[in-house]
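Have the sequence and the structure at hand as you read.

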Amino acid sequence: ALAIPPLTVIMRVFLSEDLTSLNPAEASTFAFAKMGAPVVMLIIGGYSISAAMSKFALDKFVATAILSRVRNPVLFPFVLMNLALFLSMWVSNVATPVLLYSVIQPIVRGMPATALPYVKSLILAISIGSNIGGMATPIASPQNAVALSQLRDLQEIGFLEWMAAALPQCFLMIVLAQCLLMVMFRPQRYAAPFIPKHQGSFKLEHLIIIVSIFITVFLWCFKPALAVFGSEGVVACIPIFLFYGLGILNKEDFNNLPWNVIFLVAGGTVLGAAVESSQLLSMVAKTIHDSLQHASLWHVYCVFSLFTFLVSSLVSHTVASLIVLPIVAEVGASLGHPRLIVMGCTLACSGAMALPVSSFPNMAAIGLDNEVGKSYIHAQDIIMAGAPMTLFSATVVMTFGYALMTMIHF
């Protein structure tokens with residue numbers, strides 16, 4: 001990702017309005033300005049919120065407080081998926097599976113060998129719920145940040161608009177996932193594990209974190225506030241300033257942020273700008289548009305969504321978004337519906353979970369070991385649950401999702 005800015009400058013990729021190459025000084029300024037786009041600050045703000053909640057165990061407190069009340073073995077996987085969805089909305093679907101696996105691992109290790117199918121259902125519930133949760137908010141996953149960066153100069157999607165389009169689809173997918181897990185593992189045959197509540201006193205730091213999160217989310221959702229702040233990226237600076245300025249997070253916490261992901265998104269933003277400036281995107285989009293000029297909007301939406309599901313299943317979600325979304329945004333703009341097409345393909349990125357390599361939650365599930373060092377979940381378990389869920393997600397996105405987003409004027 002860090003090689004993209006110098007390469008675009010050296011190769012004279014960026015063009016001016018009269019289609020002449022920018023000189024190196026102008027090109028380098030443009031490239032590094034794109035690396036500092038508001039969407040990059042948005043993702044840093046999201047990861048700072050995640051770091052603060054994890055450091056003071058607020059996420060674990062919420063998780064254990066909910067799970068400790070569940071006694072029904074059938075409801076337990078369902079609650080786990082909804083909890084993974086909720087936590088992914090605010091602490092990202094990268095941190096969420098790690099947190100929830102750490103909560104249930106000591107419990108499932110004490111379960112008898114005969115309960116292995118039920119243990120698998122719980123682990124897969126976290127994986128599926130985290131994948132689905134990656135759709136729910138703009139800060140839930142890196143691919144959502146990539147989507148926002150592609151739409152910045154076209155038709156932006158607000159925080160509340162994103163949730164209105166994504167959450168109903170997420171809930172429907174979780175219901176389908178629960179049906180799938182019940183058929184595959186029959187959880188009613190087992191006893192639900194007991195999860196003890198996380199112990200700890202409520203401190204001033206907890207109050208500051210909670211208030212900061214509420215203020216930030218409110219400003220993200222309140223459109224008149226964005227007219228003052230300019231973008232969600234500037235609002236995301238609020239928790240960064242408060243957490244680091246008040247000492248809630250320190251230098252080590254800052255260094256421990258997932259900078260590889262942040263720079264991957266930043267580099268992808270520069271790559272998208274370079275491809276667009278070079279007119280390559282326009283040529284590709286025109287070719288695709290000409291081949292689909294007689295197709296309906298729904299047909300185009302389905303074609304790109306299916307293509308995204310396929311690519312995202314074979315590579316990671318973030319990489320797939322960096323490959324597909326720039327083209328999708330340009331084609332969507334030529335059709336007059338960039339938000340609809342990009343949003344559908346972004347949801348497809350997170351909904352693709354057919355293989356272990358498809359997403360971090362899937363890879364984290366395979367990495368969970370029992371007391372003798374053997375994995376509870378194997379590749380075939382991911383495929384058996386992930387392939388049907390990918391088909392379910394595709395069906396939801398291309399039918400209910402399309403109808404919902406056209407109804408709310410995407």
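Predicted model: local features only at pLDDT ≥ 70, side-chain atom pairs only at ≥ 80, totals over all residues.

Which residues of α16 are buried? They are V300, Y301, C302, F304, S305, T308, F309, V311, S312 and S313.

Now turn to a pair of helices. Two packed helices are described by the angle between their axes and the distance between the axes. For α6 (residues 116-133) and α8 (residues 159-185), the angle is about 165° and the axes are 10 Å apart. Because angles over 145 degrees count as roughly antiparallel, α6 is roughly antiparallel to α8. The crossing of α6 past α8 is right-handed. On the α6 side, the contact is formed by P117, K120, S121, L124, A125, I128 and I132, and α8 contributes C170, M173, I174, A177, L181 and F185. Sorted by class, this contact between α6 and α8 has 11 nonpolar residues, one polar and one charged.

Is S48 buried or exposed? With a relative accessible area of 0%, S48 is buried, because buried means under 20%. What does S48 touch, once its neighbours within four places in sequence are left aside? S48 is in contact with I240, F243, Y244, L249 and L257.

Conventions: Residues numbered from 1 in each chain as written. Heavy atoms only, no water. Axes fitted to C-alpha atoms, helices over the stretch in contact; angles between N-to-C directions. Helix = DSSP H or I, 4+ residues; strand = E, 2+ residues; numbered from the N terminus. Parallel < 35°, antiparallel > 145°, perpendicular 65-115°, else oblique. Left-handed = near helix turned anticlockwise from the far one by under 90°. Contact = heavy atoms within 4.5 Å. Nonpolar A, V, L, I, M, F, W, Y, C, P; charged D, E, K, R; others polar. Buried < 20%, exposed > 50% of the residue type's maximum accessible area, 1.4 Å probe, protein only.
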